[in-house]
Structures are given as C-alpha cells and as structure tokens.
Amino acid sequence: MKFGLQYHYQQGKVQINHNRFLDYTKDAEGNLIIDPEQVEIVKRIYREYLEGLNIDKITAGLERDGILTGAGGKWWHISTINKILRNEKYIGDVLLQKTYTTDFLNKTRVKNNGLQYYVEGNHEAIIPKDIYLQVQEELVRRRVVKTSANDKKRSYSCNHCFSQIIICGECGESPEQRSL
C-alpha cells in the first residue's frame, strides 16, 4: 500500500480530502476546483492578515459575520486560521505526505520529517504566490519576540499603527508597552 501511494506521489497524482477544505470542491474527475460560493473567505483571511489584524481578530470577525468553517461549524479556531495562512494548496501547489499513519488499526498519524513530494500547479490558485510569500514572511516577523533595553519581552501587537516601529528614547519601550 505504501509503495503504491509513493508511486502515485512520484507521478504527481494527488488525492486530497476536500470535505473540510475551505474554498475548494471537486469536479466529476476528482480534480480540485474553486467553490465560487466560498472563494472570498480565504481571500479575506489573507487580506486582513496582511492589513495587520492578528489571528484572534480575524477569527472574531468571521464569527461575527456568521461565516461557517470548512467543516460547516460556526466557531473558528486560531489553529484553523493559522493552517489556512500556511497552506500551500491555496496557491495551487500540494505538499504530499505531511503526515503518515504509524498504526493503521488505531489510525495514529504523525508528522513526517522524511521524504515528502511537492507538486506545483496541481490546481487553480486562490491566492497569488507573491501574496502567499508575503504572508509567510509576516508570520515569521510576528513570531519573533523582541527584548527591550530593560529586558521586557514584547511581541507583535496590531493595536497601534506604529507598533514595533516607534520606540521610546528614554525607556526603550514601544508606545503600547509604555502605556501599561
């Protein structure tokens, strides 16, 4: 079974579960196609993230507007938004064998740090590649925790337009940290 799957991956034949995959569905041949009723949801998530909103605020906005998740639920999780922002499928590519089953009886899956297959241009993209790459850079930038001159740790905040740009010359803190 494993060798059969690997052979298909090497040939670029992709099998993707689309039931919980936001903004895509499958056509009669089993190819991923964009779902015209949902296509704006992922675009909105990427746009709002690049506009400076954090994942909490994006989640709250989707719930407030009554937008359902890919599984049809009304409650969005931070991890869901995080996965959407990191998912290469939205640029039309597919990374195969991200996880693998260690025990088929218990259906135990683990992250694969070994051989994986990357298929470019597998299906129509929703997000342009340059926007996707900007989001990946922004994810890294926001993850970095900076330490100020007085050893206080600060991370990304979207509450102020000058967040992480303006720093007090006296104490070395950003305006949002100084007001605390």
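Reader: Which residues of α5 are buried?

Author: This is a predicted model, and in it the buried residues of α5 are Y132, V135, E138, L139 and R142.

Reader: What puts them on the same side of α5?

Author: Seen around the axis, they cover an arc of only 120°, and that places them on the same side of α5. The general rule is handy here: an α-helix has 3.6 residues a turn, so residues three or four places apart point the same way.

Reader: What do the buried residues of α5 pack against?

Author: Two helices: α2 (39-50) and α4 (78-86).

Reader: How do you know that the span of α5 agrees with its 15 residues?

Author: Helix α5 runs over residues 129-143, and at 1.5 Å a residue it should span 21 Å. The expected span uses one less than the number of residues. The end C-alpha atoms of α5 are 21 Å apart, so the two values agree.

Reader: Which residues of α2 are buried?

Author: V39, I41, V42, R44, I45, Y46, E48 and Y49 are the buried residues of α2. Their cover includes β2, α3, α4 and α5. Just after α2 comes G52, with a positive phi of about 115°.

Reader: What about α3, which of its residues are buried?

Author: In α3 they are I55, I58, T59, G61 and L62. Looking down the axis of α3, these fall within an arc of 165°, so they line one face of the helix. They pack against α2 and α4.

Reader: Which residues have the most contacts inside the largest nonpolar core?

Author: That core has 26 residues, and those with the most contacts inside it are I45, Y46, W76, L85 and Y90. To belong to a nonpolar core, a residue must be buried, be one of Ala, Val, Leu, Ile, Met, Phe, Trp, Tyr and Cys, and be joined to the set through side-chain atoms within 4.5 Å. At least two residues of this core come from each of β2 (32-34), α2, α3 (55-64), α4 and α5. The largest share, six residues, is supplied by α2.

Reader: What is L85 in contact with, leaving aside its neighbours within four places in sequence?

Author: L85 touches I45, Y46, Y49, I55, Y132, V135, Q136 and L139. Contact here means heavy atoms within 4.5 Å.

Reader: What makes β4 and β5 a pair of strands?

Author: Strands pair if there are at least two bridges between them. Strand β4 (residues 99-103) and strand β5 (residues 108-111) are joined by four bridges and run antiparallel, so they qualify. T101 stands opposite R109 in β5, and the hairpin has four residues between its strands.

Reader: Where is K107, and is it buried or exposed?

Author: K107 sits in the loop between β4 and β5. Its relative accessible area is 66%, and the cut-off for exposed is over 50%, so K107 is called exposed. Its phi is near 60°, a positive value in a residue other than glycine.

Reader: Why is P128 called partly exposed?

Author: Its relative accessible area is 44%. Buried needs under 20% and exposed over 50%, so P128 falls in between. P128 lies in the loop between β6 (117-119) and α5. P128 and Y90 are 38 residues apart in sequence, with their C-alpha atoms 8.3 Å apart in space.

Reader: What does the secondary structure of the chain come to?

Author: Six helices and eight strands, in the order α-β-β-α-α-α-β-β-β-β-α-β-β-α along the sequence. Of the 180 residues, 34% count as buried. Among contacts with a separation of 6 or more, 49% link residues 24 or more positions apart.

Key. Residues numbered from 1 in each chain as written. Predicted model: local features only at pLDDT ≥ 70, side-chain atom pairs only at ≥ 80, totals over all residues. Heavy atoms only, no water. Buried < 20%, exposed > 50% of the residue type's maximum accessible area, 1.4 Å probe, protein only. Arc of directions from axis to C-beta.
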